[in-house]
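Work through the exercises below with the sequence and the model in view. Each task is followed by a solution in steps.

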Amino acid sequence: MKLKDKNLLLTILAIILSISSYFLIRELYYLNNDFPYSQEIVAVFLGTIVTILITAILLNKQTEVELLKEENLKLFEFKADIYNELFKYLEDVFMKQDLTDYDIIKLKLINQKLATIASKDVLSIFGKFIDIFNDASQDNKIVGKDVDEIFDILSELSNAIRYDLLEGKHIEKESDKNAILKQIRINTDHLKNLKLIPLKKKDK
C-alpha cells in the first residue's frame, strides 16, 4: 500500500475513533455514575489509541517527505549528468575541429537522453542548436566562425539549463533572468575576440 493511501486510511480511522470515543465516553458518563474510575480508564485507553494513530500518520508523512527529497536529488543528479555529457561532447568536438559518424551518433543519443529529462525551454533551444550545428558541420569541420555561431546559441542553452537545474530551489525575478541572459551573451561575444598573439622569436 502506498504511503498516501496509508495516511488516508489512518486519518479516517482517527476521525472515526475520535467521534466514537466522544459518544462512548458520553454514554459511560451517564451509565457509570456509581463507578467513576471506569470513565477515566476508558478515556485513557481511547486517548492512547488516538495518539498511536496520530503518531503513525506523522511518521508516514515524514517518510513520504524524505522519499520525495531523495527522488528530487536523484532527478537533479540525473539532469546534471546529462547536461555535463552534452558540454563534454561539445568540448571534444571543438577541440579536434572535425566531425565523424561516431560524433553524429553520440549527439543523437544525447538528444534522446535530453528528451527524457530536460525542461521545455531546454528542448526548444536545443532544437535551434541542432539546426545551427548541422549547418556549421556540413563540411565535417567545426572551425572559426562555425564555433562562434554555435556559441551564440549555446549562451541561450546554458541559460535555460541553469534555470532547469535551479527550478524549485532558487527563484529570481524576470528582470534578473533577462539580465543574466544578457550578461551570458556579452561574455560570449567578448570571448569571440579573444585571440592569441604570436610571440616574437628572440634574436640569437
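**Exercise 1.** Decide whether Phe 133 is buried or exposed.

*Solution.* Start with the relative accessible area of Phe 133, which is 3% in this predicted model. Next, apply the cut-offs: buried means under 20% relative accessible area, exposed over 50%, and partly exposed in between, with a 1.4 Å probe and protein chains only. Phe 133 is therefore buried.

Some ground rules apply from here on. Residues are numbered from 1 along each chain as its sequence is written. In this predicted model, local features need pLDDT of at least 70, side-chain atom pairs count only at pLDDT 80 or more, totals for chains, interfaces and linings use all residues, and side-chain values use heavy atoms, with hydrogens and water left out.

**Exercise 2.** Find which residues Phe 133 touches, not counting residues up to four places away in sequence.

*Solution.* Phe 133 then touches Tyr 89, Leu 90, Val 93, Leu 99, Leu 107, Ile 142 and Ile 150.
Now look at the nonpolar core, a set of buried Ala, Val, Leu, Ile, Met, Phe, Trp, Tyr and Cys residues joined through side-chain atoms within 4.5 Å. The largest such core has 29 residues, and Phe 129 and Phe 133 touch the most other members. Two or more residues come from each of H2, H3, helix H4 (120–136) and H5.

**Exercise 3.** State how many helices and strands the protein chain has.

*Solution.* Take the DSSP runs, numbered from the N terminus: helices are H or I with at least four residues, strands are E with at least two. The count is six helices and zero strands. Buried residues make up 27% of the 204 residues.

**Exercise 4.** Describe the aromatic pairs Phe 94 with Phe 151 and Phe 129 with Phe 133.

*Solution.* A pair of aromatic rings is described by the distance of the centres and the angle of the planes. Rings of Phe, Tyr and Trp (its six-membered ring) pair if their centres lie within 6.5 Å; planes under 30 degrees apart are stacked, over 60 edge-to-face, and the rest tilted. The whole structure holds three aromatic pairs.
- Phe 94 and Phe 151 are tilted, at 5.2 Å centre to centre and 40° between the planes. Phe 94 sits in helix H2 and Phe 151 in helix H5, 57 residues apart. Phe 94 is buried at 12%, while Phe 151 is partly exposed at 35%.
- Phe 129 and Phe 133 are also tilted, at 5.5 Å and 35°. They lie four residues apart in helix H4, so about one helical turn separates them. Phe 129 has a relative accessible area of 0%.

Finally, Phe 126, Phe 129 and Phe 133 form one aromatic cluster.

Note on methods
Contact = heavy atoms within 4.5 Å.
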